[in-house]
Amino acid sequence: MADVAEVLFSSDSTGGITAWDPRAGTVLQSYKGVVVAPRTLCLLGRDYVLGAEHGKSLIRAWPLNRNEQGQLKMVSPGGQVSSLACSPCGNFIAGGVSTDVVIWQTATGLQVANLSGHFQKVTCLAFTDDSSLLASAAEDGQVRVNRLAGAVTGNSSELWIFKDHGAAIRDLVVGRGGLNSLLASVGADRTCRVYSLTSGRLLLSLTADCGVTAATLSLDRIFMGLSSGQIRGHRLAPGISTPCLTLSGHESAVTCLTISLDSRLLASGGQDGLLSLWDAPSGQLLRNLAHRGPVLAAVLALAPRNLFAAELQPGSVLQPFRRPLADDEDPLVRVIVTEKREELELEDEPVEGNGRVMVEGSLAKINKQLVEFCVKNVLNPQNKEN
């Protein structure tokens, strides 16, 4: 499996998640279990695939190597999660809970932010690829963009608010480029709008003759999925509203779209139970991957190392969610770096890295001790104990 460059993850209405080799059309892994709610399928680093359980206040996390014993169930303290996204850095998970956007820290499980502003249910979430910005959309037709650093530190985080849609937003996607990315939103008002995250300007507004249900951004195009089953590709150029490409293959509404890193492979899920793979530049249908029910979500990603690992070697620490700290609580931070887990006689603590140090106490004390440790063992490696 070493030659697999990208992996396609999908979920349908009958439950579970499947990992596919999109080039060969073969199944790589299957993650059995619950029905994953739409707009909640996401990857945490190279270690876990996550999804919110439909109709419940639970988030499931499956190890990518399909170790059933390592499966985590995390309770959302605020209620059902309507949308979910993981920061590409692997340090934060964002969830739409009613009208709020809740952010949890993965290493501690602590709720570190609660962003309000929407007055109807949050439907979609998306991070920029550098984890600097978090965008949210809701049934109120608003798109709100926040700085992640400001949100998790309790400082001002609001960057942009877009109010151009006249109805609920069905899909939200952020392109590549960090702070210079494009953002596209799809509304129940049959429109798709593209914004610049640099300037906050509306760059492109597209209107369809039927419902627009999904979208994805390539390097130079935006693809829109329609309720008719068609997919239309438009060039990302102001003033051009005529599609340059029309893809026909689904017999009913398109439910989700995702595109490869090189913008050459497009995947579309449909109510007809098909996950279709297309050559994005030409619009040629390559193959259909049949599902047992309507496809709810699809994500194309670079093949994670742990997908084929016999033993999970996590680069991200994931802890069950905890309630927010009270105002008078002093957060306790524990940093453990060891070569031999058994030396610390711990059963559940996350342990990773090289060297030997265990630090516990207030954040200021920990920072001081970590600096001293790094000076001794990193900057002056000859002082490192053998």
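## Overall architecture and confidence

The protein chain has 386 residues, of which 51% count as buried. Its secondary structure consists of two helices and 30 strands. Of the contacts between residues at least 6 apart in sequence, 44% join residues at least 24 apart.

The average pLDDT of the protein chain is 86, and 84% of the residues score at least 70. Residues 338-360 have a pLDDT below 50, although this stretch has 55 contacts in the model beyond near neighbours in sequence. Where pLDDT is low, the predicted coordinates should not be read in detail.

## The largest pocket

The largest pocket holds about 1,500 Å³ of space. Its lining is formed by 50 residues, and those lying nearest the centre are Phe-127, Val-174, Thr-258, Val-299 and Leu-300. Two or more lining residues come from each of the strands β4 (42-44), β8 (81-86), β12 (122-127), β16 (169-174), β20 (212-217), β24 (254-259) and β28 (295-302).

Strand β28 gives the largest share of this lining, with seven residues. By residue class, the lining comprises 32 nonpolar, 11 polar and seven charged residues.

His-165 is placed in the loop between β15 (158-162) and β16. Its relative accessibility of 7% is under the 20% limit, so His-165 counts as buried.

Two side-chain partners make polar contacts with this residue. The side chain of Asp-189 is joined to that of His-165 by a polar contact of 3.4 Å, and the side chain of Thr-191 makes another with His-165 at 3.1 Å. Apart from residues up to four places away in sequence, His-165 touches Gly-141, Ser-185, Val-186, Gly-187, Asp-189, Thr-191 and Arg-193.

## Val-212 in strand β20

Val-212 belongs to strand β20, one of the elements that give two or more residues to the lining of the largest pocket. With a relative accessible area of 0%, Val-212 is buried.

Thr-191, a polar-contact partner of His-165, is 21 residues from Val-212 in sequence, and the C-alpha atoms of Val-212 and Thr-191 are 6.6 Å apart. Val-212 is in contact with Thr-191 and also with Arg-170, Val-186, Gly-187, Arg-190, Met-224, Gly-225 and Leu-226, leaving aside neighbours within four places in sequence. Val-186, Gly-187 and Thr-191 are likewise among the residues that His-165 touches.

Leu-115 lies in strand β11 (residues 111-115). Its relative accessibility is 14%, under the 20% limit, and Leu-115 therefore counts as buried. Beyond its neighbours within four places in sequence, Leu-115 has contacts with Thr-99, Asp-100, Val-101, Ile-103, Asn-146, Ala-151 and Ser-157. For Ala-151, which is 36 residues from Leu-115 along the chain, the C-alpha separation is 7.5 Å.

Helix α1 spans residues 148-153 and includes Ala-149. Ala-149 has a relative accessible area of 53%, over the 50% limit, and is therefore exposed. Along the chain, Ala-149 and Ser-132 are 17 residues apart, and their C-alpha atoms are separated by 6.9 Å.

Methods:
Residues numbered from 1 in each chain as written. Predicted model: local features only at pLDDT ≥ 70, side-chain atom pairs only at ≥ 80, totals over all residues. Heavy atoms only, no water. 1 Å grid on protein atoms, 1.4 Å probe; cavity = no way out; pocket = protein on both sides within 12 Å on 5 of 7 lines; lining within 4 Å. Points joined across faces, edges and corners; volume = space filled by probe spheres on them. Helix = DSSP H or I, 4+ residues; strand = E, 2+ residues; numbered from the N terminus. Nonpolar A, V, L, I, M, F, W, Y, C, P; charged D, E, K, R; others polar. Buried < 20%, exposed > 50% of the residue type's maximum accessible area, 1.4 Å probe, protein only. Polar contact = N/O pair within 3.5 Å; in protein donor to acceptor, adjacent residues only side chain to side chain. Contact = heavy atoms within 4.5 Å. pLDDT = per-residue confidence, 0-100.
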